[in-house]
Structures are given as C-alpha cells and as structure tokens.
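Keep the sequence and the 3D view at hand.

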Amino acid sequence: MTFTRALPAGWADGVDAITAPQLNQIDVNISRALDGSAGGSYLPNVGITLDGSAGVNVTTSSRLTVVGSLAMSGTQTQTGGLILSGNGQLSQRILTAPDSDLSFQGARYDVFTIPATLTGNRTYTVLATSPVPVTGHMLKIVRTLRNLASEQATPNRATIDFGGAVNTDFLESKFAFWTIMWDGSAWYPVEWSPTNVDLALAIEDSWS
Amino acid sequence: MTFSRAKPTGWTDNVDTITAAQINQIDLNQSRAIDGNAGGTYTPSASLTFGGSAGVTIGASNTLTVAGALDVSGTETVTGQVVLSGNNAGIGLRLLTLNDADQTVQGATRDVLMIPVTLTANRAYTILGTSPVPKTGHVLRIVRASVNMTNTAPSNHTCTLNFGGTALVFRGEKWAYLHLMWTGSQWLPITWSPTTLQVLAAIKDSWA
C-alpha cells in the first residue's frame, strides 16, 4: 500500500486537532484512490500488485478488457469459451531436431520438426517428467519440408520413442507425422500420417 | 464497496463538527485505498469484485500480469496473440474415455474422445451439439488408439460414430481417428485417419 494514515495513532475528541497537512494528505490520497462506485481511468506510474490469496473477481455482468498485454505465468482455467477473433492467433513452441540423437521434454514444446536431411539414423526420445505435461497437451512430431512433392528426406530413419514398448520409426526417405497427447499418465497417439509399414496392417481399411 | 461514509448526511459549515471517530474512519479508509496514481502492492483480506456492467480495462500501453491463477467462466475473446512460452506453458484439453457401451456425448463439453482398445461388443457413439451448442470452430477429436499401437490390436468390434450425417464406422481390430468441427450448424469432418472404404474413393489420389 502507498497511502499512509495522516495520524497513525488516531484522533481523540477534545485532544487532537486536525491540522491542515493532515487534512490535505487525506484529501490528496482520496483524490488518487480507485473509485469503486464511479470507476474511471487511472494512470499509475508504477504497477498495482494484488498479493495475498483473496484474488480479484470480475462478475458475470462485467468484463475484463485487456487492450495491452496479458502475461500469464500461473494456470489459466477456462470454463467459458475461448474465441480467436479478428487478428487473434495462437503461437506454438517449436523445436527443430538436431542431426543427432536427442531426448527432450514434450511439455516444453508443441511442435517437433525433424529435418529432411539426416546424416545417420536418429532416435528422438520424448520425455514427460520435467515438467509433467498438462493433461491434454498435444505434441506434433513431423518430418517434412515446405515442398513435399518434389523433395525427399535423406535415407536415414528417425525413431520416435515416447514410452511405448516399441519405438515408432519414420522410415527412410519418407515424410511423416505423429501427434501424441499426454493423457495424464502416458503419451497417447491421436494422429498419424499414412502409413508406417509397421502399422499398415493395424490401420488398413480401418473404416467400414 | 466496503468503505462507508463517516457521515452519510454530510457536514454543514458552522453546524456539524467532525468527531474523532469520523476523522479516524476517513483516515483509516484512505490509508487502505488502492492508489490509482502511485500504484503499489496490496494484500486484501477478501477478494476484490467488480460488478455492474462497466468492466475493467487494461490500457494498450500496459500489461496485466497474472502470476497466480486466472479463471475465466465467461467468454474470452482474443484479438491479439496467445503465445505459449516457457517450460510450463500448455493447453490442457478435456478428455473423455468412452464407455464399453453405447453412449451419447455433448461434443461441446469435450475436446478428445478416446475409444477403449477393448470393447466387448460393437458400440455406437452419438455426438450431439445441443446442450451446450458448441462454439463455431470447436474441434472434437475421436480416436481409437493406444500408447503402443504396434503391439496391441483393438478388439474386433466396430465403433459407429453418429454425428448428424451418415454415420461413420471404425472397423474392428483397427486404429483410427476422426476430427469433427462445429461449423455453426453441424459437425463437419476435417481430419481423418487412413482409410475408410466409404471415403476412399473421395480421397484417393487427392494429391497431385
């Protein structure tokens, strides 16, 4: 808090007079305080920080409008809709694989891109320990190029190890993708490109 | 508001004196007010609630920083960018593991429907868009997969997906997925796994 009491000990009737500086201090402070009745615009020259655990509520009939930036380092829980409107965009975290084996934490990224050119067979291991992903976190793993039709990946395979008993390989010279989702305890495949030979029998004619 | 007037009827010159209790109340209240000029750090013992319909606005040159949690139960409209940054960022989706029984699900209430690997009979899953009506653009992923897709085959039972048009069927013993998007009036398939016999003709050789 920045406002202080004009007379910390308080006034007593018949004992303490109110001085002009005291009354002026009170008057100036009130003129600068946030008006909980009529609202208004404020231009504080330092930030307003609300600490403690009581929180701030904006009720159903009201609205919190952030024309500037919103910096979230806590958890945002959304029980209403989230609408991207106008030029609104969602920017994801991208990690480009090196031309070497790599272990990485899947919670830290949203897209993992594997270069078309690899000089040897590579193994990429997706971890979920530090931090543990939020349930429902999606990680897309893709080996691709901007021009898929005319260029091929080098004849070196990329093995994706995300905790199952069998690694999943992107075969040599092939473009491919996986999307895996953290289901709270394991990475669960939710999308895959057609087709890994290992999986061909399992997904062939999968629709009737 | 929790501050109240020290003298609700107001003072009149040469009529009303100010008592110690009154000036103490004024002084204490102002010392606890939020400073709209110098900002500051506050630890309210109860939450601050903004009611009415006027709302709260953070100006364009400013930043709303939330180090704690942000709970949004109204609609959040984003016209700026949402940037996932740092190791702890992530979007947690709403998952539902479907029953080994026919089941009806409101598609707006979930983001991912996971069909069990083991079904004891053919099952029909019905996706509704009525209560609540999904937001336009809401994407619902329906997937039959497992952590280890290559080793474990799903049971030989079909999964019929009813979402308002002609029902689509995941065949027995196959992994498959289908993504539906609410267009504003109906569910529209936007992504599907290879391959359904019924749609094979429509997508065969769809790339040049």
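Q: How many helices and strands does the secondary structure of chain B come to?
A: This is a predicted model, and that holds for each answer below. Its chain B contains both kinds of element. The count is 2 helices and 16 strands.

Q: What radius of gyration does chain B have, next to a compact globule of 208 residues?
A: A compact globule of 208 residues would come out near 17 Å. The C-alpha trace of chain B spans about 95 × 35 × 35 Å along its principal axes. The radius of gyration of chain B is 29 Å.

Q: Is P132(B) buried or exposed?
A: P132(B) sits in the loop between β11 (123-128) and β12 (139-144) of chain B. P132(B) has 11, so P132(B) is exposed.

Q: How many residues does each chain bring to the contact between chain A and chain B?
A: Both chains take part. On the side of chain A that touches chain B, the largest share, 6 residues, comes from strand β16 (residues 187-192) of chain A. That side of chain A divides into 47 nonpolar, 44 polar and 13 charged residues. The contact takes 104 residues from chain A and 101 residues from chain B.

Q: Which residue in β1(B) stands opposite T49(A)?
A: Strand β1 (residues 48-50) of chain A pairs with strand β1 (residues 40-42) of chain B. They run in the parallel sense, over 3 bridges. Opposite T49(A) stands T41(B).

Q: Which residues have the most contacts inside the largest nonpolar core?
A: In soluble globular proteins, nonpolar side chains tend to be buried together. Here the largest nonpolar core has 45 residues. The residues with the most contacts inside that core are I160(A), I180(A), V190(A), V143(B) and L161(B).

Q: Which residue of chain A is in contact with V143(B)?
A: Set aside the neighbours of V143(B) within four places in sequence. Its contacts then include V112(B), M114(B), I115(B) and Y177(B) from chain B. From chain A comes V190(A).

How values were computed: Residues numbered from 1 in each chain as written. Chains lettered and ligands numbered in written order. Predicted model: local features only at pLDDT ≥ 70, side-chain atom pairs only at ≥ 80, totals over all residues. Core = buried A, V, L, I, M, F, W, Y, C linked by C-beta atoms within 7 Å. Buried ≥ 20, exposed ≤ 12 C-beta atoms within 10 Å, placed from the backbone. Contact = placed C-beta atoms within 7 Å. Helix = DSSP H or I, 4+ residues; strand = E, 2+ residues; numbered from the N terminus. Nonpolar A, V, L, I, M, F, W, Y, C, P; charged D, E, K, R; others polar. Pairing = 2+ DSSP bridges. Rg over C-alpha atoms; globule rule 2.2 N^0.38 Å.
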